[in-house]
Amino acid sequence: MKKLLVLIVTLAALWAGYWFVGAAGVKAGFAAWFDARQSEGWQAEYSDLSVKGFPNRFDTTLTDPALADPATGLAWSAPFVQLFALSYQPNHIIAAFPEFQTLRTPEARFALKSEKMQASMVMEPNTDLAFNRANLAATALTITPEVGARIHIAGLQTALTRENTSSYRAAFNADGLAPPLPAALTDELPEALTSFRADATLDFTKPWDITALEESRPQPTKIKLHLAEAEWGQLKLAAAGELSVDRTGTPTGTVTIKARNWRDILALATASGALPAALTDQIEQGLSLLANFSGNPETLDIPLTFSGGYIKIGLIPVAPAPRLSIR
């Protein structure tokens, strides 16, 4: 009995020693990371850093964190952020975010208000910290730009799962997405979309690991869109296809679009300013012809070709192709 008691006390002392050494290492690691970013010209600061959770967790709280990368123009700040990890599984991190955050891009500044926003990430247990899977969820999210109308989402779920070295399966779902609605259409559409979701496989130039934040972001090389769909009242839009992306971010490939009540979708694009009014009649005439060929004049089922920097219907360019690059 005495030997057993000695063994228990010894193991408890060893575990306590492990926790205190580990907690000190976690705290020193965060401090060193922020110092390294500052030496590279970032704004990287916090007012307080604490690690608690003895004996089985490393619960890290950063108070008033602020990060700004001068190379990309991206910046983020918040009153606090909390990172939780089990002391015996430190490569699985859960992050809890505050109600209010601020995000800045080169184009605009956004105020984020959320409820129960949390993220989870499982990483490789090595110094590169390449992640195997990650997800982000919030029961509500409101995005308010400095200029313009706000966007509200009743529920947000995103997930990213590593399939091989630099290929990831991505899923996105937004419940109750309420975008700014043009005044001309406020009586014709409900406030929020019925559904807005996407499922895709994304290939990148390199894995997403710690260097994606410290150095350069991985860039997309291939996008396989299994399905993306949105439904808003009587309007329904679905898309699927595959694109290759070159070093300049120019996509090449085909995405097939299926649209129900497409004339109303065209009117929405015109009213919101996404489509120049001068082109509306011309585009509607061409799409009417294509819809009649499909047998249902209210439904479009057309392949969009991405080629030479343009989006084309058949051989006719209809819009510039977006640049698919990550800052």
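Predicted model: local features only at pLDDT ≥ 70, side-chain atom pairs only at ≥ 80, totals over all residues.
W33, F34, W42 and Y46 come together in one aromatic cluster. The chain holds four helices and 22 strands, and 35% of its 327 residues are buried.

**Aromatic pairs and the cluster**

- The count of aromatic pairs comes to eight.
- One of these joins W33 and W42, whose ring centres lie 6.3 Å apart with the planes at 80°, so the pair is edge-to-face. The reasoning is that planes over 60 degrees apart count as edge-to-face.
- W33 has a relative accessibility of 16% and therefore counts as buried.
- W42 is also buried, because its relative accessible area is 11% and the cut-off for burial is under 20%.
- A further pair is formed by F172 and F196, with ring centres 5.9 Å apart and planes at 90°, so this pair is edge-to-face as well.
- F172 belongs to strand β15 (residues 167–175) and F196 to strand β16 (residues 195–204); the pair links distant parts of the chain, 24 residues apart.

**A charge over a ring**

- W33, a member of the aromatic cluster, also has R37 lying over its face, at 4.9 Å from the ring centre.

**The loop between β2 and β3**

- G53 is placed in the loop between β2 (48–52) and β3 (57–63).
- With a relative accessibility of 17%, G53 counts as buried, because the limit for a buried residue is under 20%.
- Leaving aside residues up to four places away in sequence, G53 touches W19 and D59.
- The C-alpha atoms of G53 and A240 are separated by 46 Å, and the two residues are 187 residues apart along the chain.
- P55 has its place in the loop between β2 and β3 too.
- The peptide bond leading from F54 to P55 is cis, with omega near 10°.

- K116 is a residue other than glycine with a positive phi, near 50°.
- The loop that holds K116 runs between β9 (109–115) and β10 (118–123).
- K116 counts as exposed, because its relative accessibility is 70% and the threshold for exposure is over 50%.
- L129 is not a glycine either, yet its phi is positive at about 55°.
- L129 is found in the loop between β10 and β11 (131–138).
- L129 is partly exposed, with a relative accessible area of 32%.

**The chain as a whole**

- Along its principal axes, the C-alpha trace spans about 90 × 45 × 40 Å.
- Among contacts with a separation of 6 or more, 48% are accounted for by residues 24 or more positions apart.
- The chain exposes about 18700 Å², and carbon and sulfur atoms supply 61% of that area.
- There are 27 positive and 32 negative side chains, and the centres of the two sets lie 7 Å apart.

Definitions and conventions: Residues numbered from 1 in each chain as written. Heavy atoms only, no water. Helix = DSSP H or I, 4+ residues; strand = E, 2+ residues; numbered from the N terminus. Buried < 20%, exposed > 50% of the residue type's maximum accessible area, 1.4 Å probe, protein only. Contact = heavy atoms within 4.5 Å. Phe/Tyr/Trp six-rings, centres within 6.5 Å; stacked < 30°, edge-to-face > 60°. Lys NZ or Arg CZ within 6 Å of the ring centre and 35° of its normal. Areas by Shrake-Rupley, 256 points an atom, 1.4 Å probe, with all protein chains shown as cover. Lys, Arg positive; Asp, Glu negative; His and termini not counted. Charge placed at Lys NZ, Arg CZ, Asp CG, Glu CD.
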